Amino acid sequence: WGKIVSIFRLVFAAEVGDRSFLAVIALSAAQNPVSVAVGAIAAHATATAIAVAGGSYLAKHISERAVGFIGGSLFLVFAFMTALSLF
């Protein structure tokens, strides 16, 4: 249970306040909340399944260090692009 709780906390913290979170709030105000909940859960489950499958595939073919380097590099590129758009 420890791993599941840890993963839940990480994903929950990342998702609260995210654009998709805010979109679900707006949709719930305008649509049937049960329909919005079912659609949002299905969409999140599908996106998570794709991420897990992709991560599993990458883990078999690329080292964890390479994934960290690529992820860090992309983060820096996006940060630089965001900074450029601010000025």
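This is a predicted model: local features need pLDDT of at least 70, side-chain atom pairs count only at pLDDT 80 or more; totals for chains, interfaces and linings use all residues.

Residues are numbered from 1 along each chain as its sequence is written, and side-chain values use heavy atoms, with hydrogens and water left out.

The protein chain has 4 helices and 0 strands, giving the pattern α-α-α-α along the sequence. Here helices are DSSP runs of H or I with at least four residues, strands are runs of E with at least two, and both are numbered from the N terminus.

How do the dimensions compare with a compact globule, and what radius of gyration does the protein chain have? The value is 17 Å, whereas a compact globule of 87 residues would be near 12 Å; the radius is taken over C-alpha atoms, and the globule rule is 2.2 Å times the number of residues to the power 0.38. Along the principal axes, the C-alpha atoms fill a box of roughly 45 × 45 × 20 Å.

The protein chain exposes about 7,600 Å², and 75% of that comes from carbon and sulfur atoms (Shrake-Rupley method, 1.4 Å probe).

Finally, look at helix α2 (residues 19-30) and helix α3 (residues 33-61), which pack at about 150 degrees with their axes 8 Å apart. Axes are lines fitted to C-alpha atoms over the stretch in contact, and angles run from 0 to 180 degrees between N-to-C directions. α2 and α3 are therefore roughly antiparallel, a term for angles over 145 degrees. Val 24, Leu 27 and Ser 28 of α2 make the contact with Pro 33, Val 36 and Ala 40 of α3, where contact means heavy atoms within 4.5 Å.

Terms used
Angles under 35 degrees count as roughly parallel, over 145 as roughly antiparallel, 65 to 115 as roughly perpendicular and the rest as oblique.
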